[in-house]
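I opened this one to see how its pieces are put together. These are my notes, in the order I looked things up.

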Amino acid sequence: MINLTIYLAFGLSLFYFLIRNRIDFLLVFFLSFNLYHWQIIGGEIILPPYRFEVSNNSKLIVSLVYIIHTSITILHDFLNKNKKERITFDNLNVTRKYDSIFYILSLLSFILTIRAIYIVGIDFVNKSDYAIALLENNISMIWLHYPAAMSLLYATLTKNRYLFLFSLLPLFNYAYMGFRADFIVAIVGCISIYSYNVKPISYKGFKVFFIILLLFTFFSAYKITYYYIKNENVSAVDK
C-alpha cells in the first residue's frame with residue numbers, strides 16, 4: 001500500500017508539472033526533490049557496495065512532501081491565473097542602484113581568495129585538508145564564496161555581465177578545491193532567474209535544458225575524476 005502511495009504521489013505531481021509547462025522556483029524544488037530522493041522512490045538506497053531497503057516512514061514522508069508541494073503549486077497557480085502579464089527575464093527591470101555594494105562584495109571574495117591561494121596554495125587532494133589549512137591560517141571559508149554567490153545572483157537579476165563574470169572568479173576556485181555544492185546552487189539560481197516563467201517546451205526552454213545538461217555532465221565527470229586529476233601518483237593513462 002505504501003509503495004502505491006508514493007508512486008501515485010510522484011506520478012500525479014509529475015503529471016501536473018508537465019501540463020503546467022512553466023519554469024519557476026516551484027518546478028526547481030520539484031526537480032531537486034526528485035534528484036535527492038529518487039532512491040527512496042525506487043525503494044532501495046544504493047551506497048556501493050551496500051544496499052538498504054527504504055523504510056515505510058521514509059516513503060510516507062516523501063509522499064507527503066509531494067502532496068503538500070503540489071497542492072501549494074495548484075493554489076499558487078489559481079491565485080495568479082488572472083494576471084495579464086507574467087514576469088520573465090526579458091521584461092525584468094531591476095534597479096541597478098545597488099551595483100556598488102555587490103561590486104564590493106564580489107571584490108571582497110576575490111581579494112580573500114587571492115590571499116588564500118597565496119598563503120595555503122591550491123595543492124590539496126582532499127577538500128577537508130584545504131578547509132583545515134584555511135582554518136589554521138585564520139581564513140574564513142564563508143567570505144571566500146558567499147559574497148561572490150550573492151553578487152552573481154544580483155548580477156543575473158540586473159543583467160550586469162561584468163559583475164557576473166567577476167563574481168564567477170572566486171566561485172571557480174572554490175569549486176576547483178572540491179566545494180561544488182555552493183557553486184552549483186548559485187548557478188541553479190541564475191538559471192532559474194534567466195528561465196523564470198519560460199515554457200519548457202519552447203526554444204528558450206530547450207536552450208536552458210541544453211545548458212543544464214552540459215553543466216550536469218561536466219560536474220558529474222569532474223566529481224568522478226576529481227581525485228585522479230589531483231593525485232600525482234596516478235598515471236596519465238588513468239587520469
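Predicted model: local features only at pLDDT ≥ 70, side-chain atom pairs only at ≥ 80, totals over all residues.

Before the strands, a rule for myself: two strands pair if DSSP finds at least two bridges between them. Helices (H or I, at least four residues) and strands (E, at least two) are DSSP runs, numbered from the N terminus.

Residues are numbered from 1 along each chain as its sequence is written, and side-chain values use heavy atoms, with hydrogens and water left out.

**Strands**

I looked up the strand pair. S1 (residues 44-47) and S2 (residues 50-53) pair in the antiparallel sense, over four bridges. Which residue in S2 is the bridge partner of Ile 45? I find Phe 52 there. For Leu 47, the bridge partner in S2 is Tyr 50. The link from S1 to S2 is a hairpin of two residues.

**Whole chain**

Next I stepped back. I count nine helices and two strands in the chain. Their order from the N terminus is α-α-β-β-α-α-α-α-α-α-α. The C-alpha trace spans about 55 × 55 × 35 Å along its principal axes. Of the 239 residues, 36% count as buried; buried means under 20% relative accessible area, exposed over 50%, and partly exposed in between (1.4 Å probe, protein chains only). I also checked contacts, meaning heavy atoms within 4.5 Å. Among those with a separation of 6 or more, 69% are between residues 24 or more positions apart.

**H1 against H2**

I turned to the helix pairs. Axes here are lines fitted to C-alpha atoms, for helices over the stretch in contact, and angles run from 0 to 180 degrees between N-to-C directions. Helix H1 (residues 2-20) packs on helix H2 (residues 25-42) at about 150 degrees, and the axes are 12 Å apart. That angle makes H1 roughly antiparallel to H2. My cut-offs: under 35 degrees is roughly parallel, over 145 roughly antiparallel, 65 to 115 roughly perpendicular, and the rest oblique. H1 passes H2 in a left-handed crossing, a term for the near helix being turned anticlockwise from the far one by less than a right angle (right-handed if clockwise).

I listed who meets whom. The H1 side includes Ile 6, Tyr 7, Phe 10 and Ser 13, and the H2 side includes Leu 26, Leu 27, Phe 30 and Asn 34. By class, the residues of this contact of H1 with H2 are 10 nonpolar, two polar and one charged. For the classes, Ala, Val, Leu, Ile, Met, Phe, Trp, Tyr, Cys and Pro are nonpolar, Asp, Glu, Lys and Arg are charged, and the others, Gly among them, are polar.

Is Ser 13 buried or exposed? Ser 13, which sits in helix H1, counts as buried because its relative accessibility is 2%. Leaving aside neighbours within four places in sequence, I find Ser 13 in contact with Phe 30, Tyr 66 and Thr 70.

**H2 against H3**

H2 and helix H3 (residues 56-79) cross at roughly 165 degrees, and their axes come within 11 Å. So H2 is roughly antiparallel to H3. This crossing is left-handed. From H2, the residues involved include Phe 29, Phe 30, Phe 33 and His 37, and from H3 they include Val 62, Val 65, Tyr 66 and His 69. I noted nine nonpolar, six polar and one charged residues in the contact of H2 with H3.

Lys 159 has a phi of about 60 degrees and is not a glycine. I place Lys 159 in the loop between helix H6 (142-158) and helix H7 (161-176). Its relative accessible area is 34%, so Lys 159 is partly exposed. Asn 197 is another non-glycine residue with positive phi, near 65 degrees. Asn 197 is in the loop between helix H8 (180-194) and H9. At 15% relative accessibility, Asn 197 counts as buried.

Last, I checked Lys 207, in helix H9 (residues 203-230). Lys 207 is partly exposed, at 33% relative accessibility. How far apart are the C-alpha atoms of Lys 207 and Phe 10? I get 26 Å, for two residues 197 apart along the chain.
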